[in-house]
Amino acid sequence: MLKPMAWLGGVLLIGAMSISMASMAIAHDVQTDAMRIAHPFATPTPPGAVNGAAYVDITALSGAVTLVGASSSASSNVELHEMQMDGDMMQMRHVEEIRIEAGETYTMRPGGGFHLMLIGLTEPLKEGEQFPLTLTFAEQGDVDIEVWIQSAQEGREAADGHH
């Protein structure tokens, strides 16, 4: 039979480990001296879709940062895209770079603005899964992140909770 204090210690240890693991699962960002990349997420794609989109928040800390490219094993190509309204038509175009000035955060979200276009998906993006993505910055080179696949609403809410 366990002594009450030993049992209580075990319960507290398990509780602390659970909180720690939950915190790691919630806080999924990468920080360097120059920037913070917060809550990268992608939205699920329907079966047979050949393209998808990923979103991330980038905060420039000590100086401006310029995102110049990206790559992933989840797709044959990743392009930087911008979506904007032209009258009542939504247009998407490829851009060469996304510059974030020192002290600013660029927030990517479904529905407009910049996003990472995943072209030639190797398989559909399924909610609850993850995939690796490498972001390439002019000032710093490559930064590896893990992208979570979430509904647009869940991804938006979780990412907004990081700020």
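Colleague: Are Phe41 and Tyr55 buried or exposed?

Modeller: Both Phe41 and Tyr55 are buried; that term means under 20% relative accessible area, with exposed over 50% and partly exposed in between (1.4 Å probe, protein chains only). This is a predicted model, in which local features need pLDDT of at least 70, side-chain atom pairs count only at pLDDT 80 or more, and totals for chains, interfaces and linings use all residues. Residues are numbered from 1 along each chain as its sequence is written, and side-chain values use heavy atoms, without hydrogens and water.

Colleague: How is a pair of aromatic rings described?

Modeller: One gives the distance of the centres and the angle of the planes. Rings of Phe, Tyr and Trp (its six-membered ring) pair if their centres lie within 6.5 Å; planes under 30 degrees apart are stacked, over 60 edge-to-face, and the rest tilted.

Colleague: How many aromatic pairs does this rule give?

Modeller: The count is two. Phe41 and Tyr55 form a tilted pair, at 5.3 Å centre to centre and 35 degrees between the planes. Phe41 belongs to strand S2 and Tyr55 to strand S3 (residues 51-60), so this pair ties together parts that are 14 residues apart in sequence. Strands here are DSSP runs of E, at least two residues, numbered from the N terminus.

Colleague: Why is the pair of Tyr106 and Phe114 edge-to-face?

Modeller: The ring centres of Tyr106 and Phe114 are 5.2 Å apart and the planes stand at 65 degrees, so the pair is edge-to-face. Tyr106 counts as partly exposed because its relative accessibility is 25%, whereas Phe114, at 15%, is buried.

Colleague: What is the phi of His39?

Modeller: Phi of His39 is near 35 degrees, which is positive in a residue other than glycine. His39 lies in strand S2 (residues 35-42) and is buried, at 2% relative accessibility.

Terms used. Helix = DSSP H or I, 4+ residues; strand = E, 2+ residues; numbered from the N terminus.
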